[in-house]
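Please look over the sequence and the model before reading on.

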Amino acid sequence: MRLTVNGAQHHLVGLDPRTTLLDVLRERLHLTGAKKGCDHGQCGACTVLLDGRRVNSCLILAITQPDARVTTVEGLGHRGEPHPVQQGFLEHDGFQCGYCTPGQICSAVGMLDEVAQGWPSAVTESDSEDLLADAEIRERMSGNLCRCGAYPNMVPAIREAAGR
Amino acid sequence: MTNTLSRAVGSPLARLEGPAKVSGAARYAAEYPQDQMAYAWIVPSPVPRGRLDAVLTDPAEEDDVLVVLWHGNAPHLEKSDDPELAVLQSDRIAYRGQPVALVVARTLEGARRAAQVVQLDITAEDHDVELRADHPDLHTPDEVVPGVPADTATGDVDAALATAPATVDVTYSTPALHNNPMEPHATIARWDGEDLVLYDSNQHPSGIAKTLGTVFGLPAERVHVIAEHIGGGFGSKGSARPNAVLAAMGSWVTGRPVQLALPRQAMFSMVGHRAPTVQRIRIGASLDGELTAIDHESWTQTSRLFEFVESPGVVTRSMYPVPNLRTSHRVVPLDVPTPRWMRGPGEAPGMVALECALDELAIRLDLDPVELRARSANPGYLSCLRRGAERFGWSGRDNRPRQRREGDWWIGTGMAGATYPANAMPSTARVRALGHDGYEVAIGAADLGTGARTILAQIAADELGVPVDDVHIRIGDSTLPVASVAGGSSGSASWGWAVTGACRALRESGDDEATFDTTELVGKMPTDRHAYGAHFAEVRVDAVTGEVRVSRLFGMYDTGRILNPRTARSQFIGGMVMGIGMALHEESVLDPALGAWVNHDLAEYHIPAHADVEQIDAEWLDEPAADLNPMGAKGIGEIGIVGSPAAIVNAVWHATGVRIRDLPVRLDKLLPSL
Ligand code: FES
Ligand code: FES
C-alpha cells in the first residue's frame with residue numbers, strides 16, 4: 001500500500017489490517033511527532049492532516065487510506081522555517097510538556113483552513129463577523145486536550161498565525 | 001551575586017527545547033527506535049480482590065507472541081520499598097486493574113490481541129471499595145508523610161469552640177482524581193549484557209535507576225534511565241511505576257528491547273491518583289473575625305498494598321495562626337488501587353475545606369472574605385490579598401448572594417487563599433568548561449514541562465558570567481550527577497542550588513570542571529517556610545441548566561524570586577486550569593459492585609478543555625526569599641491548584657446562594673436549588 005507522508009512516498013508491505021494510521025506513523029515510519037494520548041479519539045494528541053483535513057489518526061485504520069496524503073507536524077513549515085502556527089506557539093509559550101503540542105498545531109492548521117472556508121462552529125451566531133474571536137478559537141480547538149493547561153497562550157498564538 | 005551584569009535570571013527566556021517540541025523532534029520515552037523491538041501489553045485483573053490460579057493462552061494467538069508472563073513463570077524480583085513494583089510475584093490480587101500477566105509479542109497489535117484473549121483462572125473474593133467516615137477499619141497512620149505526624153493539637157480546641165461567639169461546623173468531600181498527564185506512562189527497556197537501559201517517562205531518573213537496581217539486584221550505576229522529554233506527570237511519575245519493571249522483565253525474558261506504553265485506561269489503576277477525602281472542619285471566631293479555634297478532621301482511603309495517606313489537615317497547621325488548633329487524619333485500607341501524589345497532595349483538597357469554611361464564616365459574620373483573611377495573614381499573604389483584590393476589581397463587591405443576573409446567568413465572585421511549602425532536596429551538579437564551546441552543566445534533573453532546563457541555563461549563565469547561549473544543559477539522564485525528584489515544587493530550588501554551587505566552585509578554583517553537592521546546605525535550610533497566594537474567581541451559572549462557567553480567574557502569588565516570568569506564568573496558569581477541573585469537572589467514580597473506575601478514559605473523566613478556560617491570569621510580588629537558597633526562589637508548580645478550586649466554589653455560592661460542599665460542583669447538584 002502506498003502512503004504519502006509530508007511529500008515522501010512510502011510503500012507499506014505486510015500491513016496488519018488492525019494497524020492505525022497513528023501506529024504506522026510512529027512505529028513504522030518513526031514519525032513520532034504525532035502523539036498517542038488515548039488511542040480512542042478522545043484527546044487529539046494524534047491529530048494530523050489527511051488530504052488537508054484534521055483527523056485523529058488513532059481512529060483511522062491505515063489500510064482504509066490507500067494513496068492518502070498525510071501531513072504531520074514534522075511536515076509543517078518550509079525549508080527550516082517554522083509554520084506560522086509553530087512560530088506562534090513559540091512566541092506565546094503555547095505549551096509546557098509539549099506532548100499535546102504537535103496535535104494542537106496540526107489541529108490549528110486544519111482549523112484555520114476551515115475558518116478560511118467560512119465553516120461555522122457550535123458558537124457561531126448568524127450575525128457572527130469574527131470567526132477567530134477568542135470564543136471561536138476555544139470552541140474550535142476543544143477537541144485537543146492539554147493537561148498542562150497551556151490553552152490561554154495558544155489562543156493568541158493561533159489568532160496571530162491566521163494573519164500571517 | 002558574582003556578576004553584577006547578571007541578567008539572565010528574571011528574563012522571559014523562551015524554553016530551550018521549544019523548537020524541538022513544536023516541530024515534533026523532541027523524543028519522549030516510547031519514541032526511541034530499537035532493533036528487533038518487541039511490544040508488551042498488560043493483562044489487568046478483572047476483579048478487585050482474589051487469587052489468580054492460572055493463566056491460559058490461546059494457541060491461535062501464539063504466532064506473534066513471544067511470551068506470556070505471570071506469577072507462575074515470571075522471574076523472581078528483589079523487594080523494594082514499594083510493593084506495587086513486586087509485579088507478577090504472587091497470586092494475590094489487591095485491586096481491579098492490577099497487572100496480573102504481561103504479553104510480549106512481535107507486534108503491538110499482536111500483543112494487544114493476545115492480552116485480550118488470555119484466560120485468567122481466578123478465585124474472586126468479597127471486596128470492599130467504599131470510603132465511609134464510620135468505616136470500622138479506619139485507623140490513625142503513624143505518619144502522613146515521613147516526618148509529618150497524623151495528628152496535632154495545641155490549646156484547648158473544644159473549650160474554644162464551645163465559647164466562640166461565631167462558629168461553623170461543616171463537612172466537605174473531594175472525589176478521587178487522576179493525574180492524567182497527556183503522555184501515558186511508557187518505557188522501552190533493553191539489556192546491554194547485565195546492564196539495564198530504560199527510556200522511561202518519569203520525574204526522577206536518578207531515583208528510578210536506584211529503585212530498578214534494587215528490584216533487579218543491580219547497583220544503581222548499572223541501570224541507565226533516560227528521560228529527555230516527559231509529557232507531564234503531576235506527581236504520577238514521581239517514582240518507578242509497574243510499567244518500568246514489567247518492560248525490563250519482558251526484555252530480560254525475551255532478549256529483545258521491549259516497549260510498554262500504558263493505555264489510558266490503565267493509568268486509572270496502576271500509576272496512582274489523588275485519594276478521595278471527607279473532611280469535617282470546625283472554626284471558632286470572635287465577632288470581628290479573629291480566629292480562635294480550628295478543628296480539621298479528615299478521612300481517606302489507601303490500598304491494601306501500600307499505605308499512602310492523602311493529608312488535607314497538614315495545610316491548616318501553618319495557614320493561619322490560631323491559638324487552639326487540632327488536625328487529624330484517619331485512613332482505611334480498601335480493595336482499591338494505591339493512591340499517590342497528585343499536584344498539591346494534601347494542600348489541594350485541604351484548602352477546599354479550609355477556604356470554603358472560611359467563606360462560610362465570613363458570611364456568618366457579615367464580613368468581606370478578603371478582610372476576614374487579612375486579619376490573620378502574614379505580610380506576604382496580606383500583600384497577595386490586597387494586590388490581588390485590587391487587580392481583580394474586588395472592592396465594592398456586594399457580599400450578599402444571588403444579586404447579579406444577566407439574562408439567564410447568575411454572576412458571582414469568590415476568593416480563597418493559597419499556600420505551598422518552600423522545599424529543597426539534596427542534589428549534585430557538575431560544570432565543565434568546554435573552551436570555545438562554552439560550558440556544559442549536567443544534573444540528573446527532569447523537565448516535565450516546567451521549564452527546568454531553561455531556568456537552569458539562566459542560573460548557570462549568570463553565575464558563570466556568560467550569555468545563556470554559552471551554556472549547554474544536560475538533564476534527564478541517570479548517569480548525570482544525582483538529582484532530587486521533580487516534585488514538591490522543589491526542582492528550581494534544589495537543582496538551581498546545586499548548579500549555582502558548581503558554577504561558583506568552577507570560578508573559584510579556576511579548574512575546568514567542578515561538582516557541587518548541596519546535601520549539607522539543604523540540611524541547614526529553614527523548614528517552616530511557605531509560598532503564599534490568593535485566588536479570585538468570577539463565575540456565571542446558567543439559571544436554567546445549572547451550567548457553571550468560570551469567566552475570570554486570577555492568582556496573585558508571593559513565591560520568592562521568579563526566575564523566568566514566561567515559564568512561571570505558564571506554570572501558575574496551568575495549576576489554576578487544573579483547579580478549574582477540580583472545582584467543576586474532575587471526579588473518578590468507583591463502582592462499588594465492580595470495584596472499577598467506571599469513567600476510566602478521557603471521554604468520561606473530564607479535564608478542562610479549551611472552551612472551559614476563559615480569562616485567566618497570574619501575577620506575583622517577586623520578592624526574593626534570600627535566606628532560603630541562593631536564587632531566593634520558592635516553588636511555583638503546585639500553588640496554582642491550591643485554593644483556586646475553593647475560590648470557584650465560593651463564587652458559585654455568591655452567584656446563586658447555593659453552597660456545594662461535595663466536589664465537583666456539577667449541575668445536577670446545583671439545579672434543585674436554583
Ligand atoms: S490519541 Fe488519538 S485522540 Fe487521543
Ligand atoms: S503542553 Fe503538556 S499537555 Fe499540553
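## A three-stranded sheet in chain B

In chain B of this predicted model, three strands make an open sheet ordered β4-β2-β6, with antiparallel pairing. Strands count as paired if DSSP finds at least two bridges between them. The edges are β4 (92-93) and β6 (119-124) of chain B, each of which pairs on one side only. Strand β2 (residues 50-56) of chain B is joined to β6(B) by six bridges, and the two run antiparallel. Within this pair, L56(B) is opposite Q119(B) in β6(B).

Strands here are DSSP runs of E with at least two residues, helices are runs of H or I with at least four, and both are numbered from the N terminus. Residues are numbered from 1 along each chain as its sequence is written, while chains are lettered from A and ligands numbered from 1 in the order in which they are written. Local features need pLDDT of at least 70, side-chain atom pairs count only at pLDDT 80 or more, totals for chains, interfaces and linings use all residues, and side-chain values use heavy atoms, with hydrogens and water left out.

Strand β1 (residues 38-44) of chain B pairs with strand β5 (residues 99-105) of chain B in the antiparallel sense over six bridges. V43(B) has A101(B) as its bridge partner in β5(B).

Axes are lines fitted to C-alpha atoms, for helices over the stretch in contact, and angles run from 0 to 180 degrees between N-to-C directions.

## A helix pair

The axes of helix α7 (residues 347-365) of chain B and helix α14 (residues 644-656) of chain B come within 8 Å and cross at roughly 35°. In this contact (heavy atoms within 4.5 Å), M351(B), V352(B), E355(B), C356(B), D359(B) and I363(B) of α7(B) meet P645(B), A646(B), V649(B), N650(B) and W653(B) of α14(B).

## Two loop residues

S311(B) sits in the loop between β16 (291-302) and α6 (316-319) of chain B. Its relative accessibility is 8%, so S311(B) counts as buried (under 20% relative accessible area; exposed is over 50% and partly exposed in between, with a 1.4 Å probe and protein chains only). Apart from neighbours within four places in sequence, S311(B) is in contact with V144(B), V145(B), H329(B) and G346(B).

D511(B) belongs to the loop between α11 (491-509) and β23 (513-517) of chain B. D511(B) counts as partly exposed because its relative accessibility is 47%. Its C-alpha atom is separated by 8.3 Å from that of A433(B), 78 residues apart along the chain.

## A hairpin in chain A

Strand β1 (residues 2-5) of chain A and strand β2 (residues 8-11) of chain A run antiparallel and are joined by four bridges. T4(A) is opposite Q9(A) in β2(A). The two strands form a hairpin with two residues between them, and N6(A) in the turn has a positive phi of about 50°.
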